[in-house]
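Please have a look at the structure first, then read on.

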Amino acid sequence: MRVAQVAPLVLPVPPGQYGGTERVIYNLCEALVSRGHEVTLFASGDSDTSARLAPAVPKALWKDAPIPDPIAPVLRMHAEVFRRAREFDVIHTHTDYFAFPFARESTAPVVTTLHGRLDIPHYAEMLQLFPEVHLVAISRSQQSQAPAANWAATVHHGLAIDDYEFDSKGGAGLVFLGRLSPEKAPHSAIDVAVQAGVPLTVAGRVDREEREYFEREVVPRLSHPLVRFVGQVGDQEKQALLRNARALLFPIDWPEPFGLVMIEAMACGTPVIARPKGAAPEVVAHGVTGLLADSHDELVAAVAKVRSLDRAACRRHVEENFSVHAMADRYECIYSEVASRKQLMGLRRFRRAT
């Protein structure tokens, strides 16, 4: 099939450091190309892909100084995608709702994977206004936030598992890896590790809008001797941190749409200690590949209990449920279904017109 993949422009595909959405897009493009599909990736010009790259901007927007209107290049990219719609059998966007108005007049069916939270004012109602778009959720939890939308399927993220080295032993310490924001709750991870008396490595980026939270809640806690802060890390450093940890601490305080770092940790053999919010109960097999605990005291207790879990079971769980092959299989089915439906609708219109 001829497939257009449309990525956000903030980060390149794949991201050099933090960026779960862009990593999923990269994995999907590589898998589709390897299966013989003609894939065109609309993304920033500094992206690296086996697909045909259609650069919308020379480099990812985060690498530029703040621009007055970051929406303009995104809108321009979508205008170009849909100007070329006849070149594709399906257009698959990962850019929230930017494609929706274009979809009504598109000659190619439009699939949109929603990567963020949906439980915000007016969002669910907005989704219902565009039945032409075939929506994909990344977890059942996320889908439940807008049950009346035009859902084509739920597709969990998948990893290229061979890229992740398994470690059967792990290490003594814990790791927190992710955006340093209130909803990811790194301050809670630090409090849990300190009370448990276990070393914690904190890795992640601080966005401008979360700087005040970081300075108020996280920075004062970083001075504790059990806490090591390494900032944002690249792929190899990230995998080493995950591989050499006793567990990933994931004390989220929001309805996490998926949480890619959880399956990255488990792919390395490292179990996850998470609050049972959002998609965490779908991703973590409680008592097998991690522990789900809600309160602070329960999280502290889980730090000791997690050592009894089989790290090989963590790896198997990802191999069996979250591989890039399984993800690509699901998307291929969706593409075939929506393309066939579009062709059938076009045939019916033709017959009515004649």
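Predicted model: local features only at pLDDT ≥ 70, side-chain atom pairs only at ≥ 80, totals over all residues.

Residues are numbered from 1 along each chain as its sequence is written, and side-chain values use heavy atoms, with hydrogens and water left out.

**Aromatic pairs**

- The structure holds eight aromatic pairs; rings of Phe, Tyr and Trp (its six-membered ring) pair if their centres lie within 6.5 Å, and planes under 30 degrees apart count as stacked, over 60 as edge-to-face and the rest as tilted.
- One of them joins Tyr 97 and Tyr 123, whose ring centres are 6.1 Å apart with planes at 55°, so the pair is tilted.
- Tyr 97 lies in the loop between strand E4 (90–93) and helix H3 (100–103) and Tyr 123 in helix H4 (residues 123–128), so this pair ties together parts that are 26 residues apart in sequence. Helices (H or I, at least four residues) and strands (E, at least two) are DSSP runs, numbered from the N terminus.
- Tyr 97 is partly exposed at 39% relative accessibility, whereas Tyr 123 is buried at 7%. Buried means under 20% relative accessible area, exposed over 50% and partly exposed in between (1.4 Å probe, protein chains only).
- Tyr 331 and Tyr 335 form a stacked pair, 6.1 Å centre to centre with 25° between the planes. Both lie in helix H13 (residues 324–353), four residues apart, about one turn of the helix, and both are buried.
- Tyr 97, Phe 98 and Tyr 123 form one aromatic cluster.

**Nonpolar cores**

- The largest nonpolar core has 58 residues, and Leu 248, Ile 263 and Val 272 have the most contacts inside it. Such a core is a set of buried Ala, Val, Leu, Ile, Met, Phe, Trp, Tyr and Cys residues joined through side-chain atoms within 4.5 Å.
- Apart from this core lies another, of 33 residues, including Val 74, Phe 88 and Tyr 123.
- In soluble globular proteins, nonpolar side chains tend to be buried together.

- Helix H1 (residues 20–34) has 15 residues and should span 21 Å at 1.5 Å a residue; its end C-alpha atoms are 21 Å apart, which agrees. The expected span is 1.5 Å times one less than the number of residues.
- Just after H1, Gly 36 takes a positive phi of about 95°.
- Thr 93 is in strand E4 and is buried, at 0% relative accessibility.
- Setting aside neighbours within four places in sequence, Thr 93 is in contact (heavy atoms within 4.5 Å) with Val 6, Ala 99, Val 111, Thr 112 and Thr 113.

**Salt bridges**

- There are 25 salt bridges, each a side-chain nitrogen of Lys or Arg within 4 Å of a carboxyl oxygen of Asp or Glu.
- Arg 35 and Glu 332 meet in one of them (2.7 Å, N to O). Arg 35 lies in the loop between H1 and strand E2 (38–44) and Glu 332 in helix H13, so the pair ties together parts that are 297 residues apart in sequence.
- Asp 235 forms a salt bridge with Lys 238, with the closest N and O atoms 3.7 Å apart. Asp 235 is partly exposed at 27%, while Lys 238 is buried at 9%.
- Asp 191, Glu 212, Arg 216, Glu 217 and Arg 221 are linked in a network of salt bridges.
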